[in-house]
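Welcome! Please take a moment to look over the sequence and the 3D view before reading on.

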Amino acid sequence: MESSVEQGLALLFEESSAGNCAVSLPPNDVSDAREGTRGLKPAARYEGIPAGLLAGEPPPLPEIGEQDLVRHYTRLSHRTFSVDANFYPLGSCTMKYNPKINEAAASMPEFLNLHPYQPADQVQGILELLYQTRVFLQEISGLAEVTLQPAAGAHGEMTGLMVISAYHRDRGEDRINVLVPDSAHGTNPASCTVCSRVAQTVASKPNGRVDLDDLRKKVDRNTAALMLTNPNTVGVFDEQIGDIADILHKQGAMLYMDGANLNAMLGIMRPGDFGVDCMHINTHKTFSTPHGCGGPGSGPVAVTNQLSPFLPIPQVIKKSDGTYDWDENRPKTIGKVRSFYGQIGVLVRCYAYIRSLGPDGLRNASEKAVLSANYLAARLKGHYKLPFAGPYAHEFIMIPEFGDSGVTELDIAKRLIDHNFHPPTMSWPVHHCLMIEPTETESLRTLDSFADCLIKIAREAKETPDLVKNAPHHAPVKRLDEVAAARKPNLRWQA
Amino acid sequence: MNAPNDRKYTESHEWHLVQGNTVTIGITKIAADQLSDITFVDLPAVGAAVTAGKAFGEIESVKATSELFSGVSGKVTAVNTDLADHPEWVNSDSYGKAWMIKLQTTNPAEVEKLLSADQYNKKFPG
């Protein structure tokens with residue numbers, strides 16, 4: 001077996017050999033301990049420092065020449081998987097292609113070099129951009145007012161629930177319960193807890209839609225809101241949404257929409273038109289900022305007129321003389337939810353994306369996202385089990401069912417790596433499923449090669465299951481022992 | 001994968017072995033299989049109070065973290081401390097070595113609300 005160095009997987013420590021160095025330091029002309037001790041033996045140099053605090057030897061840092069160091073990191077960077085290099089069909093995350101013009105806009109020194117403490121009259125440009133972004137998102141959501149402050153989707157959920165709670169409190173009601181369908185994103189119940197509300201589960205019907213009978217049973221005068229993702233996490237649009245809104249509104253409860261799947265409806269329908277009172281928009285997903293692995297996100301919240309007095313301050317406004325400013329005068333505001341004004345860089349990308357596509361382009365993007373998902377579902381039907389009937393929105397779930405072969409969704413995901421496809425979301429929201437979201441920008445050729453690959457893997461699962469169960473075969477790292485890694489984590493290199 | 005007849009069950013997949021006022025609790029084989037390889041079990045201390053329908057601990061697998069629920073209220077009289085070193089027992093011996101806690105029940109009537117093995121097996125055919 002090849003050593004880790006021969007495989008190109010070595011750590012810097014393993015590539016180290018004594019005497020190599022990537023930098024040439026000038027001679028030390030500063031006394032490092034006390035005046036006049038340079039050149040003395042360490043014992044004399046550090047006189048007065050307790051022996052227990054002195055390291056006996058220098059730390060064992062890797063010793064590597066400059067070129068080897070450059071190659072080490074270049075090799076690692078080539079292994080980075082990104083949507084710029086390969087197809088990335090990660091359901092529920094909208095890992096779409098992020099047009100490079102967004103990066104050009106966000107890197108303009110006129111935006112980059114602003115300081116958040118500059119007075120409004122010096123930063124009219126960014127204020128205009130933020131104001132227009134707010135107006136665009138209001139138009140897209142069909143809601144009265146948007147705050148750009150929240151820094152991510154879950155932060156938007158928290159902000160929305162705080163606004164809804166403030167609204168109920170303002171009416172003298174402390175509605176403690178928030179309803180969440182059993183197919184919800186995990187952040188929904190978590191946001192309830194963070195906002196001191198109690199999450200209650202609402203059942204789904206076998207077709208993936210909300211069980212209206214269960215909803216009617218659970219909504220009462222203690223219900224603050226229902227948090228609903230629509231299209232939902234199993235990929236279908238819940239056409240009962242109007243009834244759902246009515247059931248809630250009759251009891252004075254609010255309909256909150258998790259905007260995770262907004263990519264399916266831009267310019268086609270507006271949440272405000274089907275009864276949504278409050279929603280967050282993951283601008284990093286739908287409006288294209290590179291994200292994942294920790295950021296950056298942005299989660300503007302859109303609300304009805306009923307809820308707008310409670311939005312965070314400051315709000316960016318356009319004054320009657322045509323200039324832009326910050327408005328702090330909102331007596332009922334929940335206050336600030338973030339320092340300064342939100343994730344400005346993500347919002348600049350969002351603005352650039354909306355402006356470069358325009359209303360027709362946005363609608364076209366959503367139509368293509370929906371078409372791509374339904375095309376893939378149609379091609380894969382018969383090879384995988386599709387537990388929910390179409391038509392689908394912009395994503396769908398499928399379950400590998402290969403009888404006694406023992407091939408699971410994990411094995412399919414690992415085998416996809418051999419073909420340079422990023423594995424889709426796994427095992428959620430339905431056990432053993434794969435959730436596939438192709439997004440709007442993949443060509444028919446890419447969609448077909450992905451479908452061909454999954455069909456080939458389905459055949460392998462039946463005919464040569466071990467080939468699938470031992471995948472990946474062509475990746476730098478083979479099947480990892482996740483159980484041992486979790487039970488006995490080895491987190492530090494040791495010689 | 002049938003759940004054994006000698007105990008009672010919750011819909012959240014905990015088994016309850018009732019012996020007088022002592023109830024031993026663990027999770028079913030179906031739950032363990034769904035979670036896949038268990039890596040960590042977080043249990044309460046002896047003496048802790050447990051409420052029916054409320055979480056008493058957490059279980060972690062390579063796939064997910066879930067809460068552990070008791071179907072009955074009571075005081076913890078014993079905890080299976082071996083699971084700290086052998087979380088894999090939950091997968092290999094769900095109904096035996098992987099018991100989690102023993103409770104002294106404070107409201108024995110709650111036992112009647114639990115599912116029988118038949119009811120559980122019908123609801124979750126595995």
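## About the model

This is a predicted model, in which local features need pLDDT of at least 70 and side-chain atom pairs count only at pLDDT 80 or more, while totals for chains, interfaces and linings use all residues. Residues are numbered from 1 along each chain as its sequence is written, chains are lettered from A and ligands numbered from 1 in the order written, and side-chain values use heavy atoms, without hydrogens and water.

## Where the chains meet

Chain A brings eight residues to the contact and chain B brings nine (contact means heavy atoms within 4.5 Å). About 670 Å² is buried between them, 55% of it from carbon and sulfur atoms (buried area is the accessible area, 1.4 Å probe, that two parts lose on being put together, summed over both). His431(A), Val483(A) and Arg487(A) supply 62% of the area that chain A buries against chain B, more than any other three residues.

The rule finds one salt bridge across this interface. There, the side chains of Glu409(A) and Lys63(B) come together at 3.8 Å, N to O (a salt bridge is a side-chain nitrogen of Lys or Arg within 4 Å of a carboxyl oxygen of Asp or Glu).

## A strand in chain B

Now for strand β3(B), residues 22-27: five of its six residues are buried (under 20% relative accessible area, 1.4 Å probe, protein chains only; strands are DSSP E runs of at least two residues, numbered from the N terminus). β3(B) pairs with β2(B), residues 14-19, in the antiparallel sense over six bridges (pairing takes at least two DSSP bridges). One of the bridges links Glu14(B) with Ile27(B).

Definitions and conventions. Buried < 20%, exposed > 50% of the residue type's maximum accessible area, 1.4 Å probe, protein only. Helix = DSSP H or I, 4+ residues; strand = E, 2+ residues; numbered from the N terminus.
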